[in-house]
Amino acid sequence: MDFLTLMDYLIRGLSLGSIYAIIALGYTMVYGIAKMLNFAHGDVIMVGAYACFFTMSGMSPMFEAGSVSAMVVPALAGVVLSMVVCTVLGVVIEGLAYKPLRQAPSLAVLITAIGVSYFLQNAALLLWSSSPKYFTPIVGSGQLRVGPLSISYVTLVAIVACVIIMVCLTMFTGKTKMGKAMRAVSEDKGAAQLMGINVNRTISMTFAIGSALAAIAGVLLCSAYPTLTPTTGSMPGIKAFTAAVFGGIGSIPGALLGGLLLGIIEIFASAYISTQLSTAVVFGVLIVVLLVKPAGLLGKTVREKV
Amino acid sequence: MIRLANMNKTTRSSLFTYALVIVAFVIIQLLRTFKDGGVGSVLEGQLIPICAYITMALALNLVVGVSGELSLGHAGFMSIGAFLGCSAAGALVHVIPSAPLRLAVAMVVGAILAGFFGFLIGIPVLRLNGDYLAIVTLAFGEIIKSLLTNVYLGVDESGFHFSFLTDKTNLGTGGIQLIKGPMGVMNTLRISSFIAGFILVMIALIVIFNLVNSRTGRAIMATRDNRIAAESIGISVTKYKMIAFVTSAALAGAAGTLYGCSQVTFTATKFDFNTSILILVFVVLGGLGNMWGSVIAAAALTILPEALRQFADYRMLVYAIVLILVMLATNNPTIQGFFARLRTSAEEKKGGAQ
């Protein structure tokens with residue numbers, strides 16, 4: 001086990017972890033504010049990836065092959081369009097399926113979310129068929145050389161995107177009025193409403209942000225693992241959900257930490273233990289962490305009062 | 001009739017459930033015996049899975065409805081039952097020639113082993129609560145799935161051969177390969193029958209009703225309703241939650257054996273997260289803690305995708321829409337108010353007649 005391979009695995013782990021972290025942010029924000037597990041989140045990722053795929057394959061013939069604009073414009077348009085599609089999708093899902101259940105028991109909302117997830121998967125299956133699409137990465141397949149290390153652009157973009165998103169989100173929840181409203185709603189819905197905060201609009205906004213992040217995650221995920229099928233989103237969705245719980249669900253830094261750790265553990269487990277057992281190792285670590293810290297790494301332990 | 005009306009509400013509900021299952025069984029058996037074509041080839045193939053899923057739904061309802069803990073990994077117990085139970089059936093092929101007896105032994109083996117794993121998993125899991133418990137059960141379900149995908153097990157004259165990750169079983173002549181890693185379980189000989197399924201459902205009902213309507217069951221429900229209050233009157237929360245969890249795991253294991261032995265071959269991916277969710281859907285749609293609701297929901301939702309075959313490609317889409325609409329409708333305040341009014345007016349009528 002020499003140092004170079006170790007660094008290589010670490011960077012790959014960080015890249016995968018960044019993608020998990022971006023997905024986990026969507027889970028954790030929705031959970032923190034609406035107190036629901038949005039199981040359809042993984043499928044929003046898939047829709048985002050398809051939106052980007054079709055935009056890019058539709059636009060790339062318009063540009064001269066090999067030119068700078070051919071490399072930049074379709075990719076940029078794909079990312080923006082897929083964010084728009086996912087934002088609209090997230091808000092529509094929230095309005096149609098989750099809003100009527102605001103007062104319903106949490107299990108009813110969970111089952112509805114599962115229904116939405118099935119719906120998205122099967123709609124995608126009908127629209128785009130089950131045969132996999134080969135996603136063109138949004139950045140070139142080149143590599144950046146840092147001394148003896150070579151880092152692919154996709155890896156780099158994923159890490160950078162994750163850092164930018166984290167900084168923006170922290171600023172947003174900390175400094176803006178909407179961010180304050182979000183924190184207030186997650187603390188106490190009733191009290192927030194009494195203070196004149198529009199709770200429904202805040203929840204819709206959370207879904208919009210979460211879904212836009214899902215679009216970015218979808219594009220990054222498919223740039224790193226280019227096979228795109230209607231079920232592409234489900235396993236990363238489950239793992240990102242695990243990451244959110246790992247870091248302490250409801251906490252934004254927790255989602256980042258959980259996602260990064262999960263990605264690194266997964267890459268190391270498949271490198272040093274066994275590829276087939278990497279998922280088992282990831283979940284095993286999760287269980288151990290939850291036993292030691294039952295509210296996740298950065299989660300707040302809420303004392304029960306009698 | 002008067003005696004029925006004066007009966008305890010729980011007794012009436014359990015009698016109704018028993019009657020429901022027995023009547024359904026008798027009708028289906030009569031149809032299969034006397035009518036040409038039986039119950040139709042589609043339903044015929046689904047009979048054993050329906051029984052397995054009903055048992056799974058009952059088992060999960062014990063955990064989610066009665067004990068109040070959300071489990072997202074129950075398919076894991078089903079797969080332990082399916083893999084180990086069906087392996088036991090395969091290994092005993094020469095020892096017990098009678099298929100029904102072998103199936104019974106296999107189901108007992110599957111139930112005991114799944115119950116044992118339920119106990120092992122329950123020790124850490126039941127210390128947590130709420131969504132954290134749910135995610136850990138999900139994690140265990142996934143771990144069981146990826147471990148079972150890499151197990152190779154065979155049997156020959158010199159005993160069992162076991163290996164992990166790579167096939168090193170090296171069976172002697174006449175040996176039987178029981179579990180073949182990612183290829184799953186083979187040689188089940190399809191010994192499951194509808195009658196065995198019916199008996200399993202009845203056993204599950206008897207076990208669950210006797211547990212729920214006992215001192216133990218009331219203690220379990222007390223820990224669900226208020227953990228702290230239950231602890232304060234001397235109920236050991238972990239112990240009673242464990243009783244519910246292990247019972248449920250054992251029933252799920254037996255259901256898994258029944259299901260597994262009805263298939264020619266099956267893999268561990270059959271019992272993934274989606275299967276756990278599917279069973280949870282049965283439980284929630286049937287009503288938490290409501291056993292006959294689980295029976296009906298499991299049967300109806302297993303048949304629904306088959307019945308929707310005429311929609312061909314659209315059937316899973318229709319299934320998803322039905323699921324969402326049912327959840328929206330059952331939680332709609334207007335509809336709930338309507339049913340509440342209906343119920344009160346019916347009760348008033350009954351009160352007037354006496």
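**Chatting through a two-chain model**

Mentor: Let's start with burial: of the 306 residues in chain A, 49% count as buried. Keep in mind that this is a predicted model.

Trainee: Okay. How many helices and strands does chain A have?

Mentor: Chain A comes to 11 helices and four strands. Its radius of gyration is 20 Å, close to the 19 Å that the globule rule gives for 306 residues, so chain A is as compact as a globular protein of that length.

Trainee: And what does the C-alpha trace of chain A span along its principal axes?

Mentor: About 60 × 45 × 40 Å. As for contacts in chain A between residues at least 6 apart in sequence, 75% of them join residues at least 24 apart.

Trainee: Switching to the backbone of chain A. What's up with the phi of K35(A)?

Mentor: K35(A) isn't a glycine, yet its phi is positive, about 55°. In general, most residues other than glycine have a negative phi.

Trainee: Where does K35(A) lie?

Mentor: In the loop between α1 (3-34) and α2 (41-59) of chain A. K35(A) counts as partly exposed because it has 13 C-beta neighbours inside 10 Å, and the exposed class takes 12 or fewer.

Trainee: What about S129(A), what's its phi?

Mentor: S129(A) has a positive phi of about 60°, and it is not a glycine either. You'll find S129(A) in the loop between α4 and β1 (133-134) of chain A.

Trainee: Is S129(A) buried or exposed?

Mentor: Exposed, because 12 other C-beta atoms lie within 10 Å of S129(A).

Trainee: On to chain B, then. What is chain B made of, in helices and strands?

Mentor: Chain B has 14 helices and three strands. The radius of gyration of chain B is 22 Å, close to the 20 Å from the globule rule for 354 residues, so chain B is as compact as a globular protein of that length.

Trainee: How much of chain B counts as buried?

Mentor: 43% of its 354 residues. The C-alpha atoms of chain B fill a box of roughly 80 × 60 × 40 Å along the principal axes.

Trainee: I'm looking at α11(B) and α12(B). At what angle do their axes cross?

Mentor: Roughly 130°, and the axes of α11 (residues 273-286) and α12 (residues 291-307) of chain B come within 8 Å. The two helices are therefore oblique to each other, and their crossing is right-handed.

Trainee: Which residues meet there?

Mentor: Among them, V281(B), F282(B) and L285(B) are on the α11(B) side, while I296(B), A297(B) and L301(B) are on the α12(B) side. By class, that contact has eight nonpolar, three polar and no charged residues.

Trainee: Last one. Where is G130(B) found?

Mentor: In the loop between α5 (99-125) and α6 (131-148) of chain B. G130(B) counts as exposed because it has 12 C-beta neighbours inside 10 Å.

Terms used: Residues numbered from 1 in each chain as written. Chains lettered and ligands numbered in written order. Predicted model: local features only at pLDDT ≥ 70, side-chain atom pairs only at ≥ 80, totals over all residues. Rg over C-alpha atoms; globule rule 2.2 N^0.38 Å. Buried ≥ 20, exposed ≤ 12 C-beta atoms within 10 Å, placed from the backbone. Axes fitted to C-alpha atoms, helices over the stretch in contact; angles between N-to-C directions. Parallel < 35°, antiparallel > 145°, perpendicular 65-115°, else oblique. Left-handed = near helix turned anticlockwise from the far one by under 90°. Contact = placed C-beta atoms within 7 Å. Nonpolar A, V, L, I, M, F, W, Y, C, P; charged D, E, K, R; others polar.
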